[in-house]
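Student: Could you take me through this model, beginning with the way its interior is put together?

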Amino acid sequence: MFIFSKKGVHYTVAALVAFFTLAAIGNFQLFISKQTLNYWDAETSVFGAFVWDLILLLLFIAQHSIMATDWCKQKISSLFCMTVSYRLTYVAATSFALVFMIFQWLSIPEAYLWFIDTQRHVLLWLFFLMFHALAWLMLALELVLVDLGEMIGVSQIVHYHTSLQPPLAEKIKLVKHIYSRMRHPGVVLLTIMLWIHPIMTLDRLLLACTLTSYMIGRHSFEETQYRFAEQYFKVKVKSPKSRYVTSYQLYQEDKF
């Protein structure tokens, strides 16, 4: 039967991971943008909740960083005889780590920088709602632009079973390097959403500072690479299916 074949198993797992990833993203949206507190345990001390949240953040960052290294890719791929499913495995592990962090997170309302009760101010509630909704919409458009299927790992499975080149093999060298340095779109948007929020309790301050520092340190590249990326995606927006590369891009590719 198809479902028990290698192709069937690959496609089934890819569909499940894609669904779980989208669910994790949905939970993360609520976690970042909802205008109420997350779970609050009154019996836990401020220090205890702070340390617990810090541990959750460090566990998520450790998983996200270690599994992205070439050494880890080679070891896991060799150990489990993986061919094209490592990206899918990585995304599944990241989604699990993210969901675990979200559901174990403890709010610390006793200490805060600012606390605006938007439930009593409809206009402020509407402002933050529309601001975050617009930011998430822009981030979704960026995900489509950078090939969401490839980023999740689904495209790798499809290409493998249809005898096509791996998705990244179709990218030119500098694009691959940019993806290796800044794999996720929306870093600026996410940073803005972390800080522009009506509630800045101690736990959210910890979240905002840690993730902002991690994104700045992990996802950065040079100005020439930024200009290249800007031109590359402008071409892709105008002609998403085209493999056309402008002379400017070829020039930057040669320079790199």
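Tutor: In this predicted model, the largest nonpolar core has 28 residues, and Phe 28, Phe 31, Ile 32, Met 101, Leu 194 and Leu 207 touch the most other members. A nonpolar core is a set of buried Ala, Val, Leu, Ile, Met, Phe, Trp, Tyr and Cys residues joined through side-chain atoms within 4.5 Å; buried means under 20% relative accessible area, exposed over 50%, and partly exposed in between (1.4 Å probe, protein chains only).

Student: Which elements give two or more residues to this core?

Tutor: They are α1 (6–33), α2 (46–66), α4 (86–104), α5 (122–145), α9 (187–195) and α10 (202–218). With six residues, α10 gives the most. Helices (H or I, at least four residues) and strands (E, at least two) are DSSP runs, numbered from the N terminus.

Student: And what does Met 101 touch?

Tutor: Leaving aside residues up to four places away in sequence, Met 101 touches Phe 31, Leu 56, Leu 57, Phe 60 and Leu 207. Contact here means heavy atoms within 4.5 Å.

Student: Which residues does the second, separate core include?

Tutor: Val 17, Ile 76, Tyr 86 and Tyr 90 are included in that core of 13 residues.

Student: Turning to helix packing, at what angle do α2 and α4 pack?

Tutor: The angle is about 175 degrees, and the axes lie 9 Å apart. Axes are lines fitted to C-alpha atoms, for helices over the stretch in contact, and angles run from 0 to 180 degrees between N-to-C directions. The two helices, α2 and α4, are therefore roughly antiparallel, a label for angles over 145 degrees, whereas those under 35 count as roughly parallel, 65 to 115 as roughly perpendicular and the rest as oblique.

Student: Which residues of α2 make the contact?

Tutor: On α2 they are Trp 52, Leu 56, Leu 57, Phe 60, Gln 63 and His 64. Among their partners on α4 are Tyr 90, Ala 97 and Met 101.

Student: Another topic: how many disulfides does a search of the whole structure find?

Tutor: The search finds zero disulfides, a disulfide being a pair of cysteine sulfur atoms within 2.5 Å. Cys 72 is buried at 7% relative accessibility, while Cys 209 is partly exposed at 34%.

Student: What does the secondary structure of the protein chain come to?

Tutor: It comes to twelve helices and two strands. Of the chain's 256 residues, 41% count as buried.

Key. Residues are numbered from 1 along each chain as its sequence is written. This is a predicted model: local features need pLDDT of at least 70, side-chain atom pairs count only at pLDDT 80 or more; totals for chains, interfaces and linings use all residues. Side-chain values use heavy atoms; hydrogens and water are left out.
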